[in-house]
Each structure stands twice: as structure tokens, then as C-alpha cells.
Amino acid sequence: MNVYDVIRLRRDVRAEFTGEVVDDATLLRILDAAHRAPSVGNSMPWDFVVVRDPATLNTFADHVADKRREFHADLPADRAETFNPIKIEGITESGTGIVVTHSQSRGGTHVLGRATVPETGLYSTILAIQNLWLAATAEGVGVGWVSFYDTPFLTELIGIPEDVRPVAWLCVGPVREFQQIPDLERFGWRDRRPLDDAIHWEHFTHR
Ligand SMILES: Cc1cc2nc3c(=O)[nH]c(=O)nc-3n(C[C@H](O)[C@H](O)[C@H](O)COP(=O)(O)O)c2cc1C
């Protein structure tokens, strides 16, 4: 597969995990790809916490279920109905969670290129996640990003230090198949935005 094939194949996976646990050799290749991401000032501000303890997976899944219920309760009736069948995580089915964290203090005080745009630190960690996601896809391993959580809850659960923040819980595991169409499109939650809408030439066009 070339890079375009992998980009097209990649999906946010929730329901297609096989239930097998990804083996460590594959997992380490995927994490190596993540760790090769570009980063501002070469600061590499990410860490990856691999979580497989069923007790931790269950505790997190229960918390996420609470957050899903809260979100659902806030929706107007028609959106609530559209949301009903949408699965938002595969925490226990995937068997492996990777908590990606970001450390803004990594690299010291003079991070080359971060002085003017402090968020470039966080952008770097997100690029590591994208590398991870694409490498996993090439390995036939699915990734599902879960953001239905309270940051203090996840911080406490994983024992994340004070100056480090969790950025994502990624459900990672072998998949039966990759859906061709994103779940949120398939279930009528939100359609794909045409590329033409996102491209501007010379100046930002207000559309
Ligand atoms: C920052 C971020 C947070 C996300 N959080 C969730 C989430 O909590 N639950 C979920 O099911 N999907 C989550 N997703 C996945 C998106 O819903 C998904 O990427 C989008 O619908 C497009 O589908 P695709 O990734 O399969 O192309 C998240 C994605 C991103 C980038």
C-alpha cells in the first residue's frame, strides 16, 4: 500500500475490533512510527501509556458511558434520535488503550519555533497520533479516538503527572474490516465537506 491507499483506508474504528489483542511487535512498530513524527524544536513532547488491565479498561468505559449519556441528554430530540445508534468507543473490545499525553515542558524553555505559537507543542503531539493511526491502518490494526472523558478523571486513572496532559485515549486492536464510509456519515450525523470548500486561493474567501 502506498501512503494514499493508507490515508483512504484509515477509519475511526468503534465496532469492527476482532477481540484479539494486538501483539507487542506490531504495537512497537506502530509506536515507532508515532515517535518519528515531526515536532516543534524537535521537542518530541508526547508519551504513550499502553493500558491493557481489564479493570482499567472497564473503569474508563464506564466513565465514557456516563459522558455519552450526558451528551445525549443535552441534544434536541431529532439529534438525539440520530445519535442513538452511533457507537462512540471500543474500549474493552479493542483490548488495548493507548493514552497519548502531551508535555509542554519537554524540551526546556527555549524550544526553537514555539516562542511565537505556543500551541505548536500540542500540534506536534497530534502529528504523532496521526502517524500512529496511519501506521496502524497499514498493519490492519484499527484505531478509535475517544474524547468523551473528563481530563481530571483520566489523569487520575493513569497517574499522569501534573505538568503533563492527556490528549487522547486511542482504542487499538486488530479489525475484521475497515468501513468505507465514516460512521458519522453512515448514520446521518454529519456529511463529508467537499474539498473545494476547504481550498482557498491567495486569500481566505468568506463563503
Ligand atoms: C480529536 C478527535 C476526537 C475524536 N473523538 C471521538 C470520540 O470520542 N468518539 C468517537 O467515536 N470518535 C471520535 N473521533 C473520530 C471522529 O468521529 C472521526 O474521525 C470522524 O467522524 C471521521 O471519520 P473517520 O476518522 O473514520 O474518517 C474523534 C476524532 C478526533 C480527530
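A polar contact here is a pair of N or O atoms within 3.5 Å; within protein, one must be able to donate a hydrogen and the other to accept it, and residues adjacent in sequence count only if both atoms are side-chain atoms. This is a predicted model, where local features need pLDDT of at least 70 and side-chain atom pairs pLDDT 80 or more, while totals for chains, interfaces and linings use all residues. Residues are numbered from 1 along each chain as its sequence is written, and side-chain values use heavy atoms, with hydrogens and water left out.

Arg14 puts a polar side-chain atom 3.1 Å from a ligand oxygen. Asp12 uses its backbone instead, with an N or O atom 2.8 Å from an oxygen of the ligand. At Trp145, a backbone N or O atom lies 3.3 Å from a ligand nitrogen.

Around the ligand (residues with a heavy atom within 4 Å) you'll also find, among others, Arg10, Lys87, Phe148 and Leu184.

Now for the pocket. On a 1 Å grid over the protein atoms alone, a pocket is an open set of points where a 1.4 Å probe fits, with protein on both sides within 12 Å along at least five of seven lines; lining residues have an atom within 4 Å of a point. Of its 18 lining residues, Asp12, Arg14, Trp145, Phe148 and Leu184 are the closest to the centre.
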